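User: Please go through the strands, helices and selected side chains of this model with me.

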Amino acid sequence: VLFLQIVHILNMTSAKIVSFLLHPEESLHSLQNRIEFETGISTGNQELLLETGICLDPRKPASQCVIDGVRGWDSYMVYLFDKSKTVYDGPFASRSLSDCVNYIVQDSKIQLPIPQLRKVWAEAVHYVIGLKEDYSRLFQGQRAAMLSLLRYNANLIKMKNNMVSASQQLKAKLEFFHQSIRLDLERYSDQMAYGISSEKMLKAWKEMEEKASQCAQAEDIGYLDEQIMALHTEIVELQKSPYARRQGEVMESLEQRAIDLYKQLKTRPPDHAYSDSTDMVKIIVQTVQSQDRVLKELFGHLSKLLGCKQKIIDLLPEIEVALNNIKEADNSVMQMQGKRQREIWHLLKIACTQSSSRSLVSSSLEGTASTPAATWLPQSSSGNAAPHPLSSLAAPEDGENFADVIRENVNYLELFSSILQEVRQEQNSMMVS
């Protein structure tokens with residue numbers, strides 16, 4: 001018997017306890033099917049919480065519901081909630097009276113022998129204690145719901161912080177992008193008159209600026225932030241509420257009064273005396289009334305907790321969508337920034353190529369002009385005449401000088417033609433991109 005594993009499930013929608021004997025290595029899904037059969041709550045809508053507010057892990061066996069050891073195993077509860085409901089309004093009937101207790105409640109003035117009265121009052125005391133324990137278990141279920149809500153709230157805060165951080169980073173990148181592209185457009189306009197121009201590239205840059213303005217919509221998370229802050233305020237108010245704390249003081253005092261009455265009756269000698277049950281019936285009635293009141297407050301508070309939890313569950317996908325939009329906008333901005341920088345360096349490469357080609361052409365023309373002049377300069381009669389650039393070499397014949405000049409000019413012409421062709425290809429590729 002000691003090795004048997006029994007799990008007690010407190011159905012918070014009906015305030016009733018159902019118990020199951022767990023089979024060896026039974027899965028949680030199997031247990032949920034049995035719970036569905038007993039309670040009518042489908043497995044998809046079942047939420048099973050431990051006292052700590054932790055939801056049962058479907059990957060682990062059903063034995064996670066049971067504590068290790070013998071002590072306290074029969075009082076350990078798992079709390080069942082219906083995800084499809086956020087308002088728990090009952091009606092929740094109190095536990096039924098036994099026949100003998102119901103007998104004195106129907107007629108509290110009836111006279112009974114002391115020995116018989118002791119048995120009836122003992123059951124009455126047990127009934128009063130049971131009402132108090134019923135409330136205690138339901139309060140513990142409400143506390144588990146509160147702890148679960150706080151866990152969801154912690155996850156919400158974490159996602160909110162990630163969303164705010166990503167939004168701020170996107171905002172900073174957009175500001176940098178706008179400032180840099182404005183400066184690039186101004187500098188590009190300044191050099192168009194004497195430099196390189198591309199209408200297609202200019203149009204692409206302006207489209208980038210418009211697209212960046214559209215990306216700014218992703219950083220607008222104010223509406224979500226307002227909802228989250230309002231929800232935080234609501235959760236704090238629920239934590240501060242008096243209904244979040246135990247309200248069973250009246251029932252505990254009534255329980256003690258019932259025990260004291262029974263002790264007084266127990267000390268009376270078992271003679272032929274008779275007595276009524278007026279005082280004990282008053283305690284029973286007051287306990288039932290007190291339980292009705294505190295249960296109404298408890299389930300009203302529980303409904304608010306579950307309502308807040310459902311709001312968090314509804315908000316989480318919206319935050320996830322906002323985070324994805326921010327990430328997509330961030331990637332888009334970085335891609336546009338990289339594309340524009342590559343185009344700027346492409347322009348710089350073309351400009352440098354044109355500059356080098358001009359210098360080559362000018363140097364070739366200067367070399368062509370100076371060669372025949374140097375060749376045909378007459379020799380000065382004075383010995384101080386300036387030396388010829390090629391004076392250290394053997395003087396060629398006139399026919400050879402003309403042939404060298406022609407070959408050199410042909411080489412420079414071919415080089416200049418190839419440079420011009422490369423520049424045209426670079427410009428065409430830039431237009432296409």
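The questions below concern the sheet, its strands, an aromatic pair and the helices.

Analyst: This is a predicted model, in which local features need pLDDT of at least 70 and side-chain atom pairs pLDDT 80 or more, while totals for chains, interfaces and linings use all residues. Residues are numbered from 1 along each chain as its sequence is written, and side-chain values use heavy atoms, with hydrogens and water left out.

User: Which residue is the bridge partner of Asn11 in S2?

Analyst: S1 (residues 6-11) and S2 (residues 16-21) run antiparallel and are joined by six bridges. Their hairpin has four residues between the strands, and Ala15 takes a positive phi near 60° there. The partner of Asn11 is Lys16.

User: Which residue in S4 is the bridge partner of Leu10?

Analyst: S1 runs parallel to S4 (residues 77-82), with four bridges between them. S3 pairs with S4 in the antiparallel sense, also over four bridges, and there Leu49 stands opposite Tyr79. In S4, the partner of Leu10 is Tyr79.

User: Are the residues of S3 on both faces buried or exposed?

Analyst: Buried means under 20% relative accessible area, exposed over 50%, and partly exposed in between, with a 1.4 Å probe and protein chains only. In a regular strand the side chains alternate between the two faces of the sheet. In S3 (residues 46-49), Gln46 and Leu48 lie on one side and Glu47 and Leu49 on the other, and these residues are all buried.

User: What is the angle between the planes of Phe81 and Tyr88?

Analyst: Rings of Phe, Tyr and Trp (its six-membered ring) pair if their centres lie within 6.5 Å; planes under 30 degrees apart count as stacked, over 60 as edge-to-face and the rest as tilted. The whole structure has two aromatic pairs. One of them is that of Phe81 and Tyr88, stacked at 6.4 Å centre to centre, with an angle between the planes of 20°.

User: At roughly what angle do the axes of H2 and H3 cross?

Analyst: Axes are lines fitted to C-alpha atoms, for helices over the stretch in contact, and angles run from 0 to 180 degrees between N-to-C directions. H2 (residues 99-106) and H3 (residues 114-191) come within 9 Å of each other by their axes. They are therefore roughly perpendicular (65 to 115 degrees). The crossing angle is roughly 95°.

User: Which residues of H3 does H2 meet?

Analyst: Contact means heavy atoms within 4.5 Å. On the H2 side the residues are Cys100, Val101 and Ile104. In H3 they meet Val120, Trp121, Glu123 and Ala124.

User: Which residues is Ser180 in contact with, leaving aside its neighbours within four places in sequence?

Analyst: Ser180 lies in H3. Its relative accessible area is 14%, so Ser180 is buried. Beyond those neighbours, Ser180 is in contact with Gln337 and Arg340.

Notes. Two strands pair if DSSP finds at least two bridges between them. Helices (H or I, at least four residues) and strands (E, at least two) are DSSP runs, numbered from the N terminus. Angles under 35 degrees count as roughly parallel, over 145 as roughly antiparallel, 65 to 115 as roughly perpendicular and the rest as oblique.
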